[in-house]
Amino acid sequence: MSTYRSDLLRVMHERGLVHQMTDAAGLDALAARQVVSGYIGFDATAPSLHVGSLVQIMLLRRLQQTGHKPIVLMGGGTTRIGDPTGRDTSRKMLTDADIAANIAGIRTVFERLLTFGDGPTDAVLVDNQDWLGKLGYIELLQEVGPHFTVNRMLTFDSVRLRLEREQPMTFLEFNYMILQGYDYRHLAQTMGVRLQMGGSDQWGNIVNGVELGRRMDGAELYGLTTPLLTTADGAKMGKTAAGAVWLNEAQLPAYDFWQYWRNTDDRDVGRFLRLFTDLPLGEIARLETLDGAEINEAKRVLANEVTALVRGADAARAAEATATATFAGGIGDDLPVLAVGPDGVRIGSALTALGLAASGGEAKRKLAEGAVRLDGAVIADPAHLISLQPGEEARFSLGKKKHAILRGEAPG
């Protein structure tokens, strides 16, 4: 459908947020006539979400911006099981205290990007431990079990791919999709939720919830997923040579976060501006036309806008000022470049190869002192392996004055 009646689906499409919908016409009609409550679930496996989750958070932001109600579902219950989607191994079991601390850390990002309160379109945060923790096992089997067939569950990617790779899947994990479907049914019954959203890898789980609500209650529910988010070179969003790009300050300083966006591939700038900023589409279209050295202006705007949203305007200004001071002489043609082959290079070896350290011993000392940064992130392990795609670049710094560029080299 190219034309939508509702602001919700029009904005979602304009921003590049839609991959699949269970019933586009039905959801469009619903969103055009009333406030829609929609939710996304986030398991609390770490004290912060990372950039890979930001597109989902922006879905909730767009939902609220177009006059609807976002529900943030924290998986205090499902975290105790672990989503098997995209994994070959079971997740580490967390204690109740770990999960509570993780939820508290994660909530801070939502509080920047959403408006919480008691109003009809104000965001609400709920925890599925509040209802899953009270479920009796026999009750769950009797009430929900008949609506799931093992035959169909085995076809879901989260299960099928694990089995094809002959990796074990516990019965605990196998139950994850049942509980996720139950979450949707519970939220529909208790809060009037009509829409579940998520990444494309969650399509099967979302459809399960839609069908469970229809079978058990005759409810008309909807599902929407976002495209799989990768960078132009095919890499997974949110991963760098230095590690994950965390949304919280405690896990990643604002300067490093800003630098991640400033290093965006030229081909991704327009798409990321639509996905991750509130800039008007006309201004984004203008920035997309920039090329050559001017594209750096668009990258600076991207870094400032995303950092201001996630970390606050003061953090964005401070990060840009730090970057300007650090690379005042310009970073590019005048800096030494080290080609990194397909097998990667150990960070200690990179230091000596570039002449930033005179010996392996000096390299280890500098790393231990916290003086070495890769794309803004401090690296202390001399055995840290730097892997880059062909053409991908990483900024390499020793202290505040010595800088270099690492550049991925094609095989052969």
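Reader: Where in the chain is L94 found?
Author: L94 is found in the loop between strand 3 (69-74) and helix 4 (96-113). Helices and strands are DSSP runs numbered from the N terminus (helices are H or I with at least four residues, strands are E with at least two). This is a predicted model, in which local features need pLDDT of at least 70 and side-chain atom pairs count only at pLDDT 80 or more, while totals for chains, interfaces and linings use all residues. Residues are numbered from 1 along each chain as its sequence is written, and side-chain values use heavy atoms, with hydrogens and water left out.

Reader: Which residues does L94 touch, not counting residues up to four places away in sequence?
Author: L94 touches A44, T45, T79, I99 and N102. A touch here is a contact, that is, heavy atoms within 4.5 Å.

Reader: How many helices and strands does the protein chain have?
Author: The protein chain has 18 helices and 15 strands.

Reader: Why is the protein chain called as compact as a globular protein of its length?
Author: Its radius of gyration is 23 Å, close to the 22 Å that the globule rule gives for 412 residues, so the protein chain is as compact as a globular protein of that length. The radius is taken over C-alpha atoms, and the rule is 2.2 Å times the number of residues to the power 0.38. Along the principal axes, the C-alpha atoms fill a box of roughly 70 × 50 × 40 Å. Of contacts between residues at least 6 apart in sequence, 73% join residues at least 24 apart.

Reader: What makes M237 count as buried?
Author: Buried means under 20% relative accessible area, exposed means over 50%, and partly exposed is in between (1.4 Å probe, protein chains only). M237 has 3% relative accessibility, so M237 counts as buried. M237 lies in the loop between strand 6 (222-226) and strand 7 (239-240). Leaving aside neighbours within four places in sequence, its contacts include Y260, W261, F272 and F276. In the whole protein chain, 50% of the 412 residues count as buried.

Reader: How do you know whether L290 is buried or exposed?
Author: L290 has a relative accessible area of 15%, so L290 is buried. L290 sits in the loop between helix 14 (281-288) and helix 15. Beyond neighbours within four places in sequence, L290 is in contact with I295, E297 and A298.

Reader: Why is V35 called partly exposed?
Author: V35 has a relative accessible area of 38%, so V35 goes in the partly exposed class. V35 is in the loop between helix 2 (24-33) and strand 2 (37-42). V35 and E220 are 185 residues apart in sequence and 15 Å apart in space, C-alpha to C-alpha.

Reader: At what angle do helix 13 and helix 15 pack, and what makes helix 13 roughly parallel to helix 15?
Author: Helix 13 (residues 269-276) and helix 15 (residues 295-311) pack at an angle of about 20°, with axes 10 Å apart. That angle makes helix 13 roughly parallel to helix 15. Angles under 35 degrees count as roughly parallel, over 145 as roughly antiparallel, 65 to 115 as roughly perpendicular and the rest as oblique. Axes are lines fitted to C-alpha atoms, for helices over the stretch in contact, and angles run from 0 to 180 degrees between N-to-C directions.

Reader: Which residues in helix 13 and helix 15 meet?
Author: V269, F272, L273 and F276 in helix 13 meet I295, A298, K299, V301, L302, V306 and L309 in helix 15. By class, this contact has ten nonpolar residues, no polar and one charged.

Reader: Why is helix 1 called oblique to helix 3?
Author: The axes of helix 1 (residues 7-14) and helix 3 (residues 54-65) come within 9 Å and cross at roughly 140°. That makes helix 1 oblique to helix 3. L8, V11 and M12 of helix 1 make the contact with L59, R62 and L63 of helix 3.

Reader: What makes helix 10 oblique to helix 11?
Author: The axes of helix 10 (residues 176-191) and helix 11 (residues 203-217) cross at roughly 55° and come within 8 Å. That makes helix 10 oblique to helix 11. Among the residues in contact are M177 and Y184 of helix 10 and I206 and L212 of helix 11.

Methods. Ala, Val, Leu, Ile, Met, Phe, Trp, Tyr, Cys and Pro count as nonpolar, Asp, Glu, Lys and Arg as charged, and the others, Gly among them, as polar.
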